Structure formats: C-alpha cells, structure tokens
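Here is a brief report on packing and charge pairing. Look over the sequence and the structure before reading on.

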Amino acid sequence: MSKHYHLFISHSWTYSDAYDGLTKLLKNRPYFYYSDYSVPKNDPIHTNGTDKDLKEAIERKIGPCGVVIILAGVYSTYSKWINKEIDIAQKYGKPILAIEPWGSERTSTVVKNAADRIVKWNTESIVAAIRELD
C-alpha cells in the first residue's frame with residue numbers, strides 16, 4: 001500500500017487559483033495519496049476569528065503534517081500569514097517545499113530562502129520532493 005501524506009498547503013485566499021490548481025494536480029496523480037490540512041477560505045476562524053485565533057488554527061493544522069508546501073509566487077513576500085506559516089513550520093521542524101508557480105518570472109525570495117527544497121510547477125518534481133522530505 002502506498003504511503004498517505006499529510007500536507008499543509010499554504011496559500012493566499014486572494015490568489016486561490018494556484019492553490020486550486022495544485023490540489024487538482026496532486027489529486028490526479030496516480031499512486032499519490034494525501035490529506036490537505038490547509039485552513040479553508042470558508043473556515044469561520046478566517047471570517048470571525050482574531051489574528052491570534054487564526055495563528056492557533058494554523059499551528060493545529062501544521063502540527064500533524066509531514067511537509068508544509070508554500071506557493072512561491074511574488075505575492076507571498078507581502079503576506080503576513082505566509083511569514084507566520086514559515087515561522088510555525090520551522091518551530092515544529094517541518095520541512096518546507098517551495099513551488100514556483102507555473103510560468104512565473106518573479107518569485108518570493110522570502111519563501112525560497114526558508115525552503116528545504118524548491119521545485120518548478122511540475123507534477124513529478126512536486127511529488128518526488130514531497131516523498132523525499134516526508
């Protein structure tokens with residue numbers, strides 16, 4: 001039986017197309033099984049909670065994960081939450097996989113500097129990196 005991976009996929013709710021594309025790519029990859037521990041956009045903590053509530057929710061989500069995936073689009077540099085997610089991943093010793101968005105010319109140096117591995121937007125590269133890091 002294949003291993004089941006527990007992933008936290010960091011993403012900006014404002015730029016959810018990249019997140020949606022990544023989860024579709026992983027879901028369609030044969031013989032790759034995963035659970036997504038990300039905080040969904042429709043989570044009541046996102047809409048009703050405080051920053052402290054959201055940070056605690058992110059910590060609870062990252063805790064059981066084997067790999068934290070961060071989409072390294074340039075918007076990531078300016079996101080206070082992605083920076084907090086990096087801090088939380090490092091606090092818990094979770095490996096960080098940075099994925100450079102498909103066709104992007106500019107990417108986040110903040111994310112890439114924190115990453116244990118950086119890959120391009122390619123199914124096999126992403127899956128291989130997850131398997132190696134977890």
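## Terms and source

Buried means under 20% relative accessible area, exposed means over 50%, and partly exposed lies in between (1.4 Å probe, protein chains only). The model is predicted: local features need pLDDT of at least 70, side-chain atom pairs count only at pLDDT 80 or more, and totals for chains, interfaces and linings use all residues. Residues are numbered from 1 along each chain as its sequence is written, and side-chain values use heavy atoms, with hydrogens and water left out.

## Nonpolar cores

A nonpolar core is a set of buried Ala, Val, Leu, Ile, Met, Phe, Trp, Tyr and Cys residues joined through side-chain atoms within 4.5 Å. The largest one has 21 residues. L7, L22, L26, L97 and I130 have the most contacts inside it. β1, α1, β3, β4 and α6 each supply at least two of its residues. Helices (H or I, at least four residues) and strands (E, at least two) are DSSP runs, numbered from the N terminus. α6 gives the most, with five residues.

## Salt bridges

A salt bridge is a side-chain nitrogen of Lys or Arg within 4 Å of a carboxyl oxygen of Asp or Glu. The whole structure has eight. K3 and D134 pair at 3.5 Å, N to O. They sit 131 residues apart, K3 before β1 and D134 after α6. D134 is partly exposed, at 34%.

E124 pairs with R29, with the closest N and O atoms 2.9 Å apart. R29 is buried, at 16%, whereas E124 is partly exposed, at 44%. Salt bridges also link K55, E59 and K91 in a network.
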